Amino acid sequence: MLQEQLERLIQSAEQGDARSREQLFTTLYGELHRLAQRELRRNASLTMSPTTLLHETYLNISGRQNAAFPDRARFLAYASRAMRGLLIDYVRSRRAQKRGGAFEITSLPTELPERARVEGELEGIGEALDSLGAVEPRLAQIVDLKFFCGFSFAEIAELLGVSERTAQRDWDKARILLQRYLKDQDSAEADNEQP
């Protein structure tokens, strides 16, 4: 599909045309499937298939009437945020089940502690990225495009209409801010655990 046709499709989808939204999702299916595979590879402890994650993402996106994505980059970033949110919800659900939320009989956990740590980190990264998005939306978008979508700095620069160096600087700044947020969260949790 030509870039011009894709832009018209995105504009129509943003104006609330459900059929255009569905066609946009179909057009970008290959890229979105690649994003889902990447997310699940990064979180090896999750037992969901990329196709399931992608279809759940579609249902999530199609159910939102006020979703705004004026261009391809923002649509892919929006889709990656939706995937991230679904994965965090999935991890929370699994954690609740492990604690007996869905069962009458519970057993002692036999999983390795590293797995629980990775699942907790995914939730923390999601919260940190949401906080960053509230303060610096472009930085959060660059993190979505780089970390979750797997785009190169050259691709990000082209999508956002900035120089490659600016995209790299913004990525560095975003990483620093996210690390600070995560460190502050760890400190706050440690303070809450102490009597």
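The structure holds six salt bridges. A salt bridge here is a side-chain nitrogen of Lys or Arg within 4 Å of a carboxyl oxygen of Asp or Glu. The model is predicted: local features need pLDDT of at least 70, side-chain atom pairs count only at pLDDT 80 or more, and totals for chains, interfaces and linings use all residues. Residues are numbered from 1 along each chain as its sequence is written, and side-chain values use heavy atoms, with hydrogens and water left out.

**View 1**
Helices (H or I, at least four residues) and strands (E, at least two) are DSSP runs, numbered from the N terminus. From that end, the elements run α-α-α-α-α-α-α-α-α. Of the 195 residues, 35% are buried. Buried means under 20% relative accessible area, exposed means over 50%, and partly exposed lies in between (1.4 Å probe, protein chains only). A contact means heavy atoms within 4.5 Å. Among contacts with a separation of 6 or more, 65% join residues 24 or more positions apart.

**View 2. The largest nonpolar core has 45 residues.**
Helix H5 (residues 72-98) gives the largest share of this core, 11 residues. Such a core is a set of buried Ala, Val, Leu, Ile, Met, Phe, Trp, Tyr and Cys residues joined through side-chain atoms within 4.5 Å. The residues with the most contacts inside the core are Leu24, Leu32, Leu53, Leu76, Leu132 and Val143. Take Val143. Leaving aside neighbours within four places in sequence, Val143 touches Leu129, Leu132, Phe148, Trp171, Ala174 and Leu178. In soluble globular proteins, nonpolar side chains tend to be buried together.

**View 3. Asp144 and Arg84 form a salt bridge.**
Their closest N and O atoms are 3.7 Å apart. Asp144 lies in helix H7 (residues 137-148) and Arg84 in helix H5, so the pair ties together parts that are 60 residues apart in sequence. Asp144 is buried, at a relative accessible area of 0%. Arg84 is buried too, at 3%.

**View 4. Lys173 and Glu136 meet in a salt bridge.**
The N to O distance is 3.9 Å. Lys173 sits in helix H9 (residues 164-193), and Glu136 in the loop between helix H6 (113-135) and H7, so this pair links parts 37 residues apart in sequence. Lys173 is partly exposed, at 41% relative accessibility. Glu136 is partly exposed as well, at 29%.

**View 5. Arg138 and Asp170 form a salt bridge.**
The closest N and O atoms lie 2.4 Å apart. Arg138 belongs to helix H7 and Asp170 to helix H9, so the pair ties together parts 32 residues apart in sequence. Arg138 counts as partly exposed, at 37% relative accessibility. Asp170 counts as buried, at 11%. Elsewhere, salt bridges that share partners join Arg81, Arg84, Asp130 and Asp144 into one network.

**View 6. Helix H3 (residues 29-42) packs with H7 at an angle of about 80 degrees.**
Their axes are 10 Å apart. That makes H3 roughly perpendicular to H7. From H3, the contact uses Leu35, Arg38, Glu39 and Arg42. From H7 come Lys146, Phe147 and Phe148. These residues divide into three nonpolar, no polar and four charged. Axes are lines fitted to C-alpha atoms, for helices over the stretch in contact, and angles run from 0 to 180 degrees between N-to-C directions. Angles under 35 degrees count as roughly parallel, over 145 as roughly antiparallel, 65 to 115 as roughly perpendicular and the rest as oblique. Ala, Val, Leu, Ile, Met, Phe, Trp, Tyr, Cys and Pro count as nonpolar, Asp, Glu, Lys and Arg as charged, and the others, Gly among them, as polar.
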